[in-house]
Amino acid sequence: YGGSTPRGFDCSGFTSYVYRKVGVKLPRRASLQARYAKKISRSKAKRGDLVFFRSGGRVYHVGIYAGKNKVLHAPRPGRRVGVERIWTRNVTFGRVL
């Protein structure tokens, strides 16, 4: 937890790192990134948009939309960054570019 470099990422550290590489500064925490991004509908989501995973009204995870209902993310400690199907319907999408 708390990783924000290729040596080790947490979810928001990963999204912050990737966006910084293209010149966009994001807040560090997933919940703050959700507030910072412009909310968009699932049908309008494009590759590169942010995907926010929610439970009980709070954001617990963030990744980068890869298209076709998939997300690129840092899943949890000990697992590598990768692409997975979005596993829940409790997501919102955001755009900052």
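Student: What do the buried residues of α1 pack against?
Tutor: They pack against β1 (4-5), β2, α2, β4, β5 and β6 (70-73), where contact means heavy atoms within 4.5 Å. The helices (H or I, at least four residues) and strands (E, at least two) are DSSP runs, numbered from the N terminus. The buried residues themselves are C11, S12, G13, F14, T15, S16 and Y19. Just after α1, G23 takes a positive phi of about 90°.

Student: Where do these values come from?
Tutor: This is a predicted model, in which local features need pLDDT of at least 70 and side-chain atom pairs count only at pLDDT 80 or more, while totals for chains, interfaces and linings use all residues. Residues are numbered from 1 along each chain as its sequence is written, and side-chain values use heavy atoms, with hydrogens and water left out.

Student: Why is I86 called buried?
Tutor: Buried means under 20% relative accessible area, exposed over 50%, and partly exposed in between (1.4 Å probe, protein chains only). I86 has 7% relative accessibility, so I86 counts as buried. I86 sits in the loop between β7 and β8. Leaving out residues up to four places away in sequence, I86 touches V51, F53, Y65, N69, K70, V71, V91 and F93.

Student: Why does R80 count as exposed?
Tutor: R80 is at 75% relative accessibility, and therefore counts as exposed. R80 lies in the loop between β6 and β7. Not counting residues up to four places away in sequence, R80 touches H73 and P75.

Student: How do you know whether K68 is buried or exposed?
Tutor: The relative accessible area of K68 is 76%, so K68 is exposed. K68 belongs to the loop between β5 and β6, and its phi is near 50°, a positive value in a residue other than glycine.

Student: What does N69 count as?
Tutor: N69 counts as partly exposed because its relative accessibility is 23%. N69 is also found in the loop between β5 and β6, and has a positive phi of about 60° although it is not a glycine.

Student: What makes a set of residues a nonpolar core?
Tutor: Such a core is a set of buried Ala, Val, Leu, Ile, Met, Phe, Trp, Tyr and Cys residues joined through side-chain atoms within 4.5 Å. The largest one here has 14 residues, and those with the most contacts inside it are Y19, L26, L50, F52, V59, V62 and I64. At least two residues of this core come from each of α1, α2, β4 (50-55) and β5. Another core, of 9 residues, lies apart from it, with V51, Y65, V71 and I86 among them. In soluble globular proteins, nonpolar side chains tend to be buried together.

Student: How do you know that the side chain of T88 reaches the backbone nitrogen of N90?
Tutor: The distance is 3.1 Å. A polar contact is a pair of N or O atoms within 3.5 Å; within protein, one must be able to donate a hydrogen and the other to accept it, and residues adjacent in sequence count only if both atoms are side-chain atoms. T88 is in the loop between β7 (82-85) and β8 (91-95). Setting aside residues up to four places away in sequence, T88 touches R42, F53 and Y60.
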